[in-house]
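Please look over the sequence and the model below, and then read the report that follows.

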Amino acid sequence: MKKVCVVVASRANYGRIKSVLSAIQAHPDLQLQLIVSASALLYRFGQVVDVIEADGFEVSAKIYTIVEGENLTTMAKSVGLGVLELSTHFENLEPDIVLTVADRFETMATALAASYMNIRVAHTQGGELTGSIDESVRHAITKLSHYHFVATDLSRERVVRMGEDKDYVFNTGCPAIDAIASLNLGLPEGFFEANGGSGHVIDQTKPYVVVLQHPVTTEFGDGFSQINQTLNAIAALGTQVVWLWPNVDAGSDDISKGLRVFREKNPDVCVRFYRNFSVEDYARLINGSECIIGNSSSGIRESAFLGVPAVNIGTRQNARERAANVHDVGYDSAEILAAVRKQQLHGRYEPSYLYGDGESGERIAEKLVLIDPPIQKTLTY
């Protein structure tokens, strides 16, 4: 039986890998080891570990690796601390494979520690293009990985062109789609109250939009002015707003400061703030919205599958493959407002299966059982 260690380091990580955890846990030839680390353990970023344990997954280890500060220096130090802590736990758990998710800075620590310890690395969402430091991190992890579970045909082509062996590059689709493909997406009565939050009461019988805007690490120092452009657009929109706090990336404090100042100066604007939703409730939330606004990849992936209109702001998702539901805008309040109103008038789009059909988790588990790539990698050109 192969031992597969999955590291979940953020709320986004968990949504992107939950179905794979279930498939590994259910497979008779695999043993799941689960490490929860970084912002996934922290209250102000949603304390995702509580959701993970409530979903029935046994956590093998909890690792605190976030250095306080949310700036470029502390982000780099957090990667270093992650390598130190993860290497200790990999030594104790002795996994055959370590699986790391996507492109966040915490995932770099996972790939570095495992590859230096001669443990095969499996990576999801390689070969995609975006902005921010995530773009570089994603491709660096590809070069450290032995299994590549990409989400689109074009992503597979890019990974192979990076010199990776095509026999170990698999288009499995994105596991994030699995969680919503067969889900009852209706909003149960009392949905917004049950999920907590703070601010205005949201009437779920009336239209609302969802906003989620993270800092862009390569534009560090601009976050406060960027989020103010979005806030000005939202203030003029006149629609109920559900707003999720930003992630832990460098510049998060600037985004949060903008939100707090706005909340104090605009008490009459109907906004309710949340730290986190379960994977399933987040899908219900965006499915029930008129539009998702900001720079989260969920506006590109899950929203495309659901046909939810999206307004994508700025460069964070730059060049990522997208379906017809996405309208790109810059950091300009008038442009943002016009795009949201256009999407509200348009309404739902036809669902797109660009990022998968809902069966990625089982495909990935099966490849982990059947395939054993060599530890020593070589460029194929």
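## A covered helix

In this predicted model, helix 11, which spans residues 279-287, is mostly covered, with nine of its nine residues buried.

## Overall fold and surface

The secondary structure of the chain comes to 14 helices and 14 strands, and the C-alpha atoms fill a box of roughly 60 × 40 × 40 Å along the principal axes. The radius of gyration is 20 Å, which agrees with the value near 21 Å that a compact globule of 381 residues would have. Of the contacts with a separation of 6 or more, 71% are accounted for by residues 24 or more positions apart.

Buried residues make up 59% of the 381 residues in the chain. The accessible surface comes to about 15000 Å², and carbon and sulfur atoms hold 50% of that area. The chain carries 34 positive and 46 negative side chains, and the centres of these two sets lie 3 Å apart.

The structure holds 24 salt bridges. One of them joins the side chains of D372 and K2, with an N to O distance of 2.7 Å. D372 lies in the segment after helix 14 (360-370) and K2 lies in strand 1 (residues 2-8), so this pair ties together parts that are 370 residues apart in sequence. D372 counts as partly exposed because its relative accessibility is 48%, whereas K2 is buried, with a relative accessible area of 15%.

A salt bridge also forms between the side chains of R316 and D134, at 4.0 Å from N to O. This pair links distant parts of the chain, since R316 sits in the loop between strand 13 (310-313) and strand 14 (326-329), while D134 belongs to helix 5 (residues 134-144), 182 residues apart. R316 counts as buried at 8% relative accessibility, and D134 is buried with a relative accessible area of 7%.

## A local pair and a network

Within helix 5, R138 and E135 are three residues apart, and they are therefore separated by about one helical turn. Their side chains meet in a salt bridge of 3.0 Å, N to O. R138 counts as buried at 0% relative accessibility, and E135 is buried as well, with a relative accessible area of 19%, where the cut-off for buried is under 20%.

R138 and E135 also belong to a network of salt bridges, in which they are linked with D103, E128, R301 and R320.

Notes
Residues numbered from 1 in each chain as written. Predicted model: local features only at pLDDT ≥ 70, side-chain atom pairs only at ≥ 80, totals over all residues. Heavy atoms only, no water. Helix = DSSP H or I, 4+ residues; strand = E, 2+ residues; numbered from the N terminus. Rg over C-alpha atoms; globule rule 2.2 N^0.38 Å. Buried < 20%, exposed > 50% of the residue type's maximum accessible area, 1.4 Å probe, protein only. Contact = heavy atoms within 4.5 Å. Areas by Shrake-Rupley, 256 points an atom, 1.4 Å probe, with all protein chains shown as cover. Lys, Arg positive; Asp, Glu negative; His and termini not counted. Charge placed at Lys NZ, Arg CZ, Asp CG, Glu CD.
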